Amino acid sequence: IYLGHDFEAHLRQLYRRSFEKLDREGRIDEAVFVLAELLQSRQEALDYLEKHGRALQAAELALTWDRPSVVIVRLLCLAGDWRRAVAVARRDNAFAQAVLQLQDKWPDAANRLRQEWGEALAQRGEWLRAVDAVWPLPAAREQAIAWLLAAEAAEGQLAARALVQRAVLLPDTLAACAPRLRALRD
């Protein structure tokens, strides 16, 4: 029922005050209800839960409300539900954005997700993208080099691209692969 803009604005003010009162009283679940259902501020409700250390509850609601995949992945990572976080990230190709969202405040979670991203790409045979995904992690460089060498061994265009990427990432190895680079050039 439409009762006019002024009445709607008045209701929103009442709901906002109710939320603030519930927040002051520490009644988190009720405050989330007011945000999500009465004020229709679902992202604010998720942020509020996250702020109060309830990442798992926020992740469950984000899944229920069909929020963007990157939000769901980030919340699942913060909740420690890595199996579902990786499953959603793989399904919706949300690794890159989720890593960016996690990087500043939760670098350990971002690094773990970055490693999972690289593994997912490597399993699909996208070795060069896997190298790009994990290269910022010094602990993952050995694995990245193995993927790079596997791409070089594949021959054809993939091998050529792998040689170029190797030259960029590992310039000190240029001498070892100089004959192959010259053959590519020619």
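Predicted model: local features only at pLDDT ≥ 70, side-chain atom pairs only at ≥ 80, totals over all residues.

Residues are numbered from 1 along each chain as its sequence is written, and side-chain values use heavy atoms, with hydrogens and water left out.

**Helix 6 and helix 8**

Helices here are DSSP runs of H or I with at least four residues, numbered from the N terminus. The axes of helix 6 (residues 82-92) and helix 8 come within 11 Å of each other and cross at roughly 55°, the axes being lines fitted to C-alpha atoms over the stretch in contact, with angles running from 0 to 180 degrees between N-to-C directions. Helix 6 and helix 8 are therefore oblique to each other, since angles under 35 degrees count as roughly parallel, over 145 as roughly antiparallel, 65 to 115 as roughly perpendicular and the rest as oblique. From helix 6, Trp82, Val86 and Arg90 meet Ala109, Arg112, Leu113, Glu116, Ala120 and Gln123 of helix 8, where contact means heavy atoms within 4.5 Å.

Ala120 belongs to helix 8, which spans residues 107-123. With a relative accessible area of 3%, Ala120 is buried; the word stands for under 20% relative accessible area, with exposed for over 50% and partly exposed for values in between, using a 1.4 Å probe and protein chains only. Apart from neighbours within four places in sequence, Ala120 is in contact with Arg90 and Phe95. Ala120 and Ala89 lie 31 residues apart in sequence, and their C-alpha atoms are 9.6 Å apart in space.

Helix 3 (residues 42-51) has Ala45, Leu46, Tyr48, Leu49 and Glu50 buried, and its buried residues pack against helix 1 (5-24), helix 2 (28-38), helix 4 (55-64) and helix 5 (69-79). Just after helix 3, Gly53 takes a positive phi of about 75°.

A nonpolar core is a set of buried Ala, Val, Leu, Ile, Met, Phe, Trp, Tyr and Cys residues joined through side-chain atoms within 4.5 Å. The largest such core has 55 residues, and those with the most contacts inside it are Leu46, Tyr48, Val73, Leu75, Cys77, Phe95 and Leu113. Not counting residues up to four places away in sequence, Cys77 touches Trp82, Ala85, Leu102 and Leu113.

**Salt bridges**

A salt bridge is a side-chain nitrogen of Lys or Arg within 4 Å of a carboxyl oxygen of Asp or Glu, and by this rule the count comes to 13. Some of these pairs are set out here.

| Salt bridge | Closest N and O atoms |
|---|---|
| Lys21 and Glu25 | 3.4 Å |
| Arg84 and Asp81 | 2.6 Å |
| Glu126 and Arg124 | 3.0 Å |

Lys21, at 45% relative accessibility, counts as partly exposed, and Glu25 is likewise partly exposed at 40%. Lys21, Glu25, Arg27 and Glu30 are linked in a network of salt bridges. Arg84 is partly exposed with a relative accessible area of 22%, whereas Asp81 is buried at 19%.

**Arg166**

Arg166 sits in helix 11 (residues 156-169). Is Arg166 buried or exposed? Arg166 is buried, its relative accessible area being 15%. Leaving aside neighbours within four places in sequence, Arg166 is in contact with Leu148, Leu149, Glu152, Pro171, Thr173, Ala176 and Cys177.

Notes
Helix = DSSP H or I, 4+ residues; strand = E, 2+ residues; numbered from the N terminus.
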